[in-house]
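Let us walk through this fold step by step. Keep the sequence and the structure in view.

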Amino acid sequence: MRIRLATLDDVNDLSLLETRVFDPQFYHLMHRSQFLHLLTKGHADILIAEQNAVICGMLIILYRTTSQLGRMYSIAVDPDYQGGEVGKRLFDFMEGHLKKRNMKGVILEIRAENTPHLERYKKRGYCVSGSVPDYYPDGSSCLKLKKTW
């Protein structure tokens, strides 16, 4: 498996992966135009996990000029590759990438009821830093998580 930065050539595959992984009833989906914007004008990096020239996962990092923390906006692992190393490898790469950019840590949001992911993030050193009610399209709350180094 190889982790790399996305290019404009990846936009269609990223858009397809988004629709394979996320149900619009529960998550706000990114559209092709949003991927294009992030890759050309956004303050963002899109990491791609690729195996045998097939995109099996992606992770979107957003940046603010006023913050030393990166924001992990989204992670998506193709259903055919879930339960393996793809998500872990994307997270490892993201944290190393942020350190190379001299960032001081990372923030992210997860569904409040997503106990398995919460426990996984806590094991990686993430702490709950807040919550937001009615964050997702179905009205579910999110937990805000943070990790600094």
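Two strands pair if DSSP finds at least two bridges between them. Helices (H or I, at least four residues) and strands (E, at least two) are DSSP runs, numbered from the N terminus. This is a predicted model, where local features need pLDDT of at least 70, side-chain atom pairs count only at pLDDT 80 or more, and totals for chains, interfaces and linings use all residues. Residues are numbered from 1 along each chain as its sequence is written, and side-chain values use heavy atoms, with hydrogens and water left out.

Start with the sheet. It is open and has 7 strands, in the order S1-S2-S3-S4-S5-S7-S6. The pairing is mixed. S1 (2–5) and S6 (127–132) are the edge strands, and each pairs on one side only. From one strand to the next, the twist averages 30 degrees.

Now pick one pair. S3 (residues 54–62) and S4 (residues 69–77) are antiparallel and share 6 bridges. Ile60 has Ser74 in S4 as its bridge partner.

Next come the helices. Contact means heavy atoms within 4.5 Å. Axes are lines fitted to C-alpha atoms, for helices over the stretch in contact, and angles run from 0 to 180 degrees between N-to-C directions. H1 (residues 11–21) lies across S2 (44–51), S3 and S4, at about 90 degrees to S3. H3 (residues 86–100) lies across S1, S2, S3, S4, S5 (105–111) and S7 (142–148), at about 40 degrees to S3.

Finish with two loops. Asn52 is found between S2 and S3, and its phi is near 50 degrees, a positive value. Asn102 lies between H3 and S5, with a positive phi near 65 degrees. Most residues other than glycine have a negative phi.
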